[in-house]
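This briefing is intended for a reader who is new to the structure. Please keep the sequence and the model in view while reading the points below.

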Amino acid sequence: MKKPVLEINNLQTHFFTDRGEIPAVDDVSFFIREGEVLGIVGESGCGKSVTSLSIMGLVPSPPGKIVGGNILFREQHSTKEETENLVNVSSKRMRQIRGNKIAMIFQEPMTSLDPLFSIGFQITEALNNHQNLSKKEARKKAIEMLNLVGIPRAEQIVDEYPHQLSGGMRQRVMIAIAMSCDPEVLVADEPTTALDVTIQAQILELMKKLNREKGTAILLITHDLGVVSEMCDRVCVMYAGKVVEEGDVRTILKFPKHPYTRGLLRSLPKMHEKQERLYSIPGNVPKPGSITDGCRFAARCSEVFDRCYKEDPELLTLSEGHTCRCFLYEKEGDVQHV
Amino acid sequence: MSKPLLEVKKLKKYFDVTGGVFSRKVGDVKAVDDVSFDVYQGEVLGIVGESGCGKSTTGKALLRLIEPTEGQVLFEGKDITKMNPEEMRKMRRDMQIIFQDPYASLNPRHKVEKILGEPLLIHGIGDKAERKKKVKEILEIVGLRGEQAASYPHQFSGGQRQRIGIARALIVNPKLIVCDEPVSALDVSIQSQILNLMDDLQDKFGLTYVFIAHDLSVVKHISDRIGVMYLGRMVELTSNEQLYDEPLHPYTKSLLSSIPNPDPDIKKERMILEGDVPSPSNPPAGCAFHTRCPECMDICRSVRPEFQEVSVNHFVACHLYEVDGDNSDQEQ
Ligand SMILES: Nc1ncnc2c1ncn2[C@@H]1O[C@H](COP(=O)(O)OP(=O)(O)OP(=O)(O)O)[C@@H](O)[C@H]1O
Ligand SMILES: Nc1ncnc2c1ncn2[C@@H]1O[C@H](COP(=O)(O)OP(=O)(O)O)[C@@H](O)[C@H]1O
Ligand code: SF4
Ligand code: SF4
Ligand SMILES: [Mg+2]
Ligand SMILES: [Mg+2]
């Protein structure tokens, strides 16, 4: 089995605001192996983006701060075998890693491209931060990257500006920039959420191709379980700042154990069968920090019992590679539920 | 099927494109370009398509929230495009709209009581006490509590705000509601709550919906018939089952095959379209889809295919399915 390139243990990233301390990420653990695609799913506000910003060392600070846990990065081709904890590496080292070893793409490509500079300039700038290329070489490499991500007329597009491109093309450019230094891990935060389905299909196909051909490990953040099914090897389900279930994609989508994962899957309208009524999880998506005691899902859970309101369940291992945070699966202390 | 409640005939909406120092008109955005369909009493007609294809413009033109450039919209046989403002005001009681963004569509400075009471006031329904009572009733019908009338929109979650949007449309007892992406901004677990609510309300009040969305699984769940739009045109329209089991238009086929399925055991053949959606200010000649169509033929580049009934209740605009006969005047 391949080694993890990135391993996150009990990560806690909190925001210190006027309204108090907000535990946006509150106990998140997972790992990604070399060349693997790991999905993170969850509803809005559950802490997906803050998790990815924590990995990239980009949590806005103040008000944000990593208050617990570690993020271990193992460089593949280096001679040293040990890992680095990204939570306390120097900012100089973090800049070397960011973009070069771990790259990121965001949901809205327009906000991360600079409207004032040409596409070519933005790609070559990314290259020059990490490699020393002559102007001519850099331009050639930029065109090569645009071709790689399937942009037609790359020789012309290289001199155009972000506003001249469609949403799908901008996202391709973002991927080109992210891939330009051949990173070991690509963190993609909702990369296709702003795109139409036919364009989404193109971008997902491109990411699959890069993963296959370059062996780049991908951390794919999404709220779309269809995208997870299509793209991921394993998946982590998050709820209110915590990982509540984790496992290989087929196990999670076909045989989910956590009441939240089950509810989420049952709520989806199905394309291949006619349902009179959809299942729905009652209540609202909680704001982080609004629930302090017991299981974060208790107020909406169909299986809730007394203990759930008082104690916070730990992540339990159900079988090799399948974990779940719910008292129902505790072996001892035979759990009763109503 | 019963008689049409709404008949849309050759509807067009062109927006001016201005440019230059004098902001002169330099062209048109053909947001809706010759669209015709009927909506039957008691049905849900879904409209799907990608961003910018003209779904919202169609929805708003149906209520004359934007003025159609051309074409007719008959509601119960009467052409609303010809109505004067007073007739139109009365008409709006029967035709309501729900918007996508529950945040933007509610006035943040008004209490729910005022937001929901306003449509009653406009239509002169009830006195003050009756309006108050009606507001409480409608809140409970959409799954909120009567006393929440005293709260402001920001005190509600996204799903709850959408319930308020639904209550506002429902309170005047309309016959038809145009729902423009009512669940697109909501989380999955909240989406199903709202879809169920809309289902219940439809049964309870005998409503007719025009349900606009870009998510095909949502549209499939709620609709009886579905229309697919591309670049301002309706390209296919048929029953829910027919559309998913036997799509005819190449665009519909690719759209259906692009949807990622959450079931890892369903493997399907993917038909990935090349290129981007062209701009509606400069749509391709002939069939608007020809630049991306895997089955494009010569005729497609110059002749616009007509929207025709190729089998019972199955309408398609594609040269592959041209029915014989009067093809002489299809050039638009
Ligand atoms: N007021 C306006 N002025 C000019 N162009 C407009 C105006 N409103 C809409 N358009 C254009 O008309 C076309 C159709 O827009 P419309 O909002 O109907 O699309 P839509 O199908 O609802 O898209 P979405 O899925 O993004 O909501 C687009 O190209 C849009 O830019
Ligand atoms: N800059 C910030 N300041 C304060 N709180 C924040 C900030 N960024 C995120 N949060 C909080 O963290 C929670 C998780 O956010 P995020 O990770 O963006 O969620 P998502 O899972 O939708 O990506 C949010 O609900 C928000 O309250
Ligand atoms: S711990 Fe209790 S409330 Fe939480 S998910 Fe399990 S059964 Fe539900
Ligand atoms: S008319 Fe021609 S280009 Fe248009 S969808 Fe049919 S086959 Fe394709
Ligand atoms: Mg996010
Ligand atoms: Mg719209």
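A residue is called buried if its relative accessible area is under 20%, exposed if over 50%, and partly exposed in between, with a 1.4 Å probe and protein chains only. The model is predicted, so local features need pLDDT of at least 70 and side-chain atom pairs count only at pLDDT 80 or more, while totals for chains, interfaces and linings use all residues. Residues are numbered from 1 along each chain as its sequence is written, chains are lettered from A and ligands numbered from 1 in the order in which they are written, and side-chain values use heavy atoms, with hydrogens and water left out.

**Aromatic pairs in chain A**

- Rings of Phe, Tyr and Trp (its six-membered ring) pair if their centres lie within 6.5 Å; planes under 30 degrees apart count as stacked, over 60 as edge-to-face, and the rest as tilted.
- Under this rule there are 9 aromatic pairs over all chains. One of them is the tilted pair of Y239(A) and Y260(A), with 4.5 Å from centre to centre and 55 degrees between the planes.
- Helices (H or I, at least four residues) and strands (E, at least two) are DSSP runs, numbered from the N terminus. Y239(A) belongs to strand 9 (residues 234-239) of chain A and Y260(A) to helix 11 (residues 259-267) of chain A, so their pair ties together parts that are 21 residues apart in sequence.
- Y239(A) is buried, at a relative accessible area of 3%. Y239(A) also forms an edge-to-face pair with F297(A), at 5.1 Å centre to centre and 80 degrees between the planes.
- F297(A) lies in the loop between helix 11 and helix 12 (306-310) of chain A, so its pair with Y239(A) in strand 9 ties together parts that are 58 residues apart in sequence. F297(A) is buried, with 3% relative accessibility.
- Y239(A), Y260(A) and F297(A) together make one aromatic cluster.

**Charges over rings**

- A charge sits over a ring if NZ of Lys or CZ of Arg is within 6 Å of the ring centre and within 35 degrees of the ring normal.
- The ring of Y279(A) has the charged end of R266(A) over it, 3.9 Å from the ring centre.
- The face of F327(A) has R307(A) over it, at 4.0 Å from the ring centre.

**Surroundings of the ligands**

- A residue is near a molecule or strand if one of its heavy atoms lies within 4 Å of it. The residues around ligand 3 include H258(A), C295(A), C301(A), C308(A), C326(A) and F327(A).
- Ala, Val, Leu, Ile, Met, Phe, Trp, Tyr, Cys and Pro count as nonpolar, Asp, Glu, Lys and Arg as charged, and the others, Gly among them, as polar. The shell around ligand 3 has 10 nonpolar, 1 polar and 1 charged residues.
- A cavity is a set of points, on a 1 Å grid over the protein atoms alone, where a 1.4 Å probe fits but cannot get out. A molecule sits in a cavity if more than half of its atoms lie within 2 Å of its grid points.
- Ligand 3 takes the space of the largest cavity, and ligand 4 sits in the second largest cavity.
- Around ligand 4 are residues including H249(B), C287(B), H290(B), C293(B), C300(B), C318(B) and H319(B). By class, this shell has 8 nonpolar, 3 polar and 1 charged residues.

- Helix 1 (residues 48-56) of chain A is mostly covered, with 7 of its 9 residues buried. Among them are V50(A), I55(A) and M56(A).
- S61(A) and P62(A) are joined by a cis peptide bond with omega of about -10 degrees. Another cis peptide bond, with omega of about 10 degrees, joins P62(A) and P63(A).
- P62(A) is in the loop between helix 1 and strand 4 (64-73) of chain A.

**Positive phi in chain B**

- E181(B), which is not a glycine, has a positive phi of about 50 degrees. E181(B) is in the loop between strand 7 (176-180) and helix 6 (188-205) of chain B, and is buried at 7% relative accessible area.
- L231(B), also a residue other than glycine, has a positive phi near 45 degrees. L231(B) is in the loop between strand 9 (225-230) and strand 10 (233-239) of chain B, and is buried at 4%.

Note on methods:
On a 1 Å grid over the protein atoms alone, a cavity is a set of points where a 1.4 Å probe fits but cannot get out, and a pocket is an open set with protein on both sides within 12 Å along at least five of seven lines; lining residues have an atom within 4 Å of a point.
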